[in-house]
Amino acid sequence: MGRIEAVTRMDPIGRDEAREQARRELEKSIYHRDEPSWLERAWRRFEEWLNELFQEAADPAAPGNGGGWLSLVIIVLLVAVLVGLVAWLMRGRFNIRSSQDALLDDLPSTAKDHRTAAEGHAAAGRWAEAVRERLRAIARDLEERVILDARPGRTADELAAEAGLALPDHADALAAGVRIFDDVWYGDRPGTREGYATLVALDDALRSAKPRPLATAEHAGAPA
């Protein structure tokens, strides 16, 4: 009897309150942990959109395919944008001048001369010239320390390749430094303070680097 009285005394839950409680319950993370993220949903929608475009563009003159030609135009525009973006990102990388122009002039110079010139350009905000002179300082310093042969006509790309063999721990940094130089001088990109700072850090690191021992280099590929 007492149980029946307790049940009858409970406050009834109205429809709106029940709906609100259900909504709160369903908002708990435990019910959404297996759902895709917003990025996954966005990528799926993009894939679906692309598939729809290609299906419509496959036969633009088909009856009932009203958006076929428009889809074809959109695809052409997308390809053009993609090609332009890749060309912009890669400009300077394959410029023929970067594989032909000598980094150092024929006139005698020292690494100190180029570092002084680089600092002067940097102080004046001439970052492109500062980048070039700092890379020249690196090249001349490696020649002065007999890590590289003093060879006239060496290009920046050859500097990265040859110095990378002698100093393998710095090969990636050398390639990155030369890429900054190529971007500025052959890719029409502006020189920047950050780019120059990267060359300065590379120069400092190389000045204290020791080349790979010749015996190791010569016998690395020799049969046992």
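**Confidence first**

I began with pLDDT, the predictor's confidence in each residue, from 0 to 100: the chain averages 83, and 84% of the residues score at least 70. This is a predicted model, so I kept to pLDDT of at least 70 for local features and to 80 or more for side-chain atom pairs, while totals for chains, interfaces and linings use all residues. Residues are numbered from 1 along each chain as its sequence is written, and side-chain values use heavy atoms, with hydrogens and water left out.

I then looked up residues 216–224, where pLDDT stays under 50. For this stretch the model has one contact (heavy atoms within 4.5 Å) beyond four places in sequence. Where pLDDT is low, the predicted coordinates should not be read in detail.

**Helix α9**

Helices here are DSSP runs of H or I, at least four residues long, numbered from the N terminus.

Which residues of α9 are buried? I counted a residue as buried under 20% relative accessible area, exposed over 50% and partly exposed in between, with a 1.4 Å probe and protein chains only. The buried ones are Gly195, Tyr196, Leu199, Val200, Leu202, Asp203 and Leu206. They cover an arc of only 160° around the axis, which puts them on the same side of α9; the arc is taken from the directions from the helix axis to the C-beta atoms. Arg193 and Glu194 are exposed on the other side.

I also looked up what covers the buried residues of α9, and found α5 (111–123), α6 (127–144) and α8 (171–185) included. Tyr196, leaving aside neighbours within four places in sequence, is in contact with Ala118, Glu119, Ala122, Trp127, Ala130, Val131 and Arg134.

**The core and α6**

Of its 29 residues, Leu135, Ile138, Leu142, Leu159, Leu167, Phe181 and Tyr196 touch the most other members. At least two residues come from each of α5, α6, α7 (156–166), α8 and α9, and α6 gives the most, with seven.

I found 15 of the 18 residues of α6 buried, so this helix is largely enclosed by the rest of the structure. From first C-alpha to last, α6 reaches 25 Å, close to the 26 Å expected. Just after α6, Val146 takes a positive phi of about 60°.

**Salt bridges**

I counted a salt bridge when a side-chain nitrogen of Lys or Arg lies within 4 Å of a carboxyl oxygen of Asp or Glu. That rule gives 17 of them.

- Arg145 and Asp141 meet at 3.0 Å, N to O; Arg145 is partly exposed at 29%, whereas Asp141 is buried at 10%.
- Arg154 pairs with Glu162 at 2.8 Å between the closest N and O atoms; Arg154 is buried at 6%, and Glu162 is partly exposed at 25%.
- Arg189 and Asp183 have their closest N and O atoms 3.6 Å apart, and both residues are buried.

My last entry is a network of salt bridges that links Arg115, Glu119, Arg134, Asp141, Arg145 and Asp203.

Terms used. A nonpolar core is a set of buried Ala, Val, Leu, Ile, Met, Phe, Trp, Tyr and Cys residues joined through side-chain atoms within 4.5 Å. The expected span of a helix is 1.5 Å times one less than its number of residues.
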